[in-house]
Amino acid sequence: MSTRSAFLAAGVAIAAAIFLLRPASDLSRDLGEAVADMILANATIYTADPAMPFAEAMAVRAGRVLRVGGYYSVKELKGRHTMELNLSGNVVLPGFIDSHVHFIDGGLQLARVPLRGVTSKDDFINRVKEAVKDKHPGQWIFGGGWNNDFWGGDYPTAAWLDDISPDNPVWLSRMDGHMRIANSLAMRMAGINKNTNNPVGGTIMRTTEGEPTGLLVDAAMKLVFDVISEVSIHERRDALLRASRHALMRGVTTVVDVGSYFPGKSEKQVWQDFTGWMLSQWIHLGGVKAFLDGSLGSSSALFYEHYKDDPRSYGLQLVDMDYLLNTTLELDKSGLQIAIHAIGDKANDMLLDMYEKVVDLNGMKDHRFRIEHAQHLAPGAAKRFGKHGIIASVQPDHILDDANSAGKKIGIEQAERSSYSFRSLLDGGAHLAFGSDWPVSDINPLQAIRTAVSRKPVGWEVPWIPAERLSLDDSLKAHTISAAYACFLDHVLGSLSEGKYADFVILPSTSWNEFGSDITDHVLATYVNGKQAYP
């Protein structure tokens, strides 16, 4: 494994975060001898650096970019042992930074029941049935990625699973991670029955007679998690390796990991994902994360108006605002970056109000506050991001899941007015940082860039909310230099600039026009620190 994965771990309303990073102390010494280890020649290099947006050649030494420019300028750095790679025009981009992943969870899910893309109840049941065949009685069946909107909207129930898994507890995550389905055996093990009260910040979904259906939302999921054995360190290590290979295959050289946390769960698991508090040369303590609300698909994102399919519900507020404000004030004073999850329009306004209070009380400085998702915004909210330079950490590929269902949840008018306002955020002065939220969506920057540019879900002839489309340049920067800025790493990552780490990807496109007219769906090679890490 050779990936620079930046890890951000989540916690209670707030917990610690870590970024994988290499030491920078040897920069001048390593670059002092002007002989390149490697030269890329005859390339179409997009640098993400406004000082030189494009180049045809690049020299690398000791894992850093030594020089970028024309071939004859770069050729001066060629020595006896320099490897020269003639790319015949192939497009080179900075390595992609995924600004929001659940890295260990993604690696675990790669070895569990895959339910992403399931379009029918029968397919859902059959996939679980196949998994049960390989398990001994009593073994848990884990999986995830299901989206009930793909088969008409009906939620799964424990009854779907009970006949095929009478001797195995089953626990399957919805694609957004804010809702899971348990079979009856898992509920019995967790002590969930008609008399079990909803925990603070969570919901036990029930029938009209009050019986649990098997669906648990947000903090209610803790009831089942409490009876599941911890994932072993060996399983987590294997998951980390699987996740890293998967990310490198997609051209991702840095990730910001927001941990395995959900509201109500202990912060301990967050650190156990990375074998405790020990920091290596690759890990940098960077920030903290919190949750304010839930998700749209699970009807727990917090809105001003009620859900169209549930007039009694406005969503869930998952944390007390006084507690969140006081905790944020102290953590901001300590120099930690703050990143808080907000999806509904009310949640985003509440968070913007709170950030303004923090600035008033703690003073102006380079806070780089983050709002994770910033998915639905009330009128005027996009401009408020720019006022204090707030980073909108957004996930373009969630559009592919929500475009067909948001109107049913919150009404077509509100959905088209408020959803995924990328262009408005940029125009309002916000910094955009793209991510996948993997395993909620797949980790695939090229697809995310294509989505941000086109806003066309599969099967759509016209864009969803076309005024919010981004240019190719804006989209690339949101996955590179702007994403690096969003985690205070823009001095060493995010662009192919002299002195920065030589993290880059090579695409099959052989000209910029070809890439711009048909954004490719894969990379040919991924390099980290100037070393080939994929394939």
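**Entry 1: Ala374.** I looked up Ala374 and found it buried, with a relative accessible area of 1% (buried is under 20%, exposed over 50%, partly exposed in between, with a 1.4 Å probe and protein chains only). This is a predicted model, so I note the terms: local features need pLDDT of at least 70, side-chain atom pairs count only at pLDDT 80 or more, and totals for chains, interfaces and linings use all residues. Residues are numbered from 1 along each chain as its sequence is written, and side-chain values use heavy atoms, with hydrogens and water left out.

Ala374 sits in the loop between β20 (370-373) and α12 (381-387); helices (H or I, at least four residues) and strands (E, at least two) are DSSP runs numbered from the N terminus. What does Ala374 touch, not counting residues up to four places away in sequence? I get Ala342, Asn348, Phe385, Ala392 and Val394, where contact means heavy atoms within 4.5 Å. I also checked Ala347: it is 27 residues from Ala374 in sequence, and the C-alpha atoms are 9.0 Å apart.

**Entry 2: Phe385 and the cores.** From Ala374 I moved to Phe385. Leaving aside neighbours within four places in sequence, its contacts include Asn348, Leu352, Ile371, Ala374 and Leu425. Phe385 is also one of the residues that touch the most other members of the largest nonpolar core, which has 52 residues; Leu292, Ile340, Tyr355, Ile371 and Leu432 are the others. A core here is a set of buried Ala, Val, Leu, Ile, Met, Phe, Trp, Tyr and Cys residues joined through side-chain atoms within 4.5 Å. Helix α11 (residues 345-362) gives the most to this core, 8 residues. There is a second, separate core of 28 residues, with Leu93, Leu108, Val252 and Phe515 among them.

Entry 3: I traced an open sheet of 4 strands in the order β6-β5-β2-β7, with mixed pairing (two strands pair if DSSP finds at least two bridges between them). β6 (64-69) and β7 (83-86) are at the edges with a single partner strand each, so one side of each has no neighbour in the sheet. Inside this sheet, β2 (residues 38-41) and β5 (residues 57-61) pair antiparallel over 3 bridges, and Ile39 stands opposite Ala59 in β5.

The other open sheet I traced has 6 strands, β4-β3-β8-β23-β24-β25, again with mixed pairing. Its edge strands, β4 (54-55) and β25 (531-534), pair on one side only. β8 (residues 91-94) and β23 (residues 504-506) are antiparallel over 3 bridges, with Pro94 opposite Phe504 in β23.

Entry 4: A cavity is a set of points on a 1 Å grid over the protein atoms alone where a 1.4 Å probe fits but cannot get out; a pocket is an open set with protein on both sides within 12 Å along at least five of seven lines, and lining residues have an atom within 4 Å of a point. Volume is the space filled by probe spheres set on the points, which are joined across faces, edges and corners.

I then checked the second largest pocket, with about 660 Å³ of space. Which residues lie nearest its centre? Of the 27 lining residues, they are Tyr155, Met205, Ser299, Asp309 and Asp310. β14 (202-206), β15 (212-218) and α14 (406-410) each give two or more residues to the lining, and β14 has the largest share, with 4 residues.
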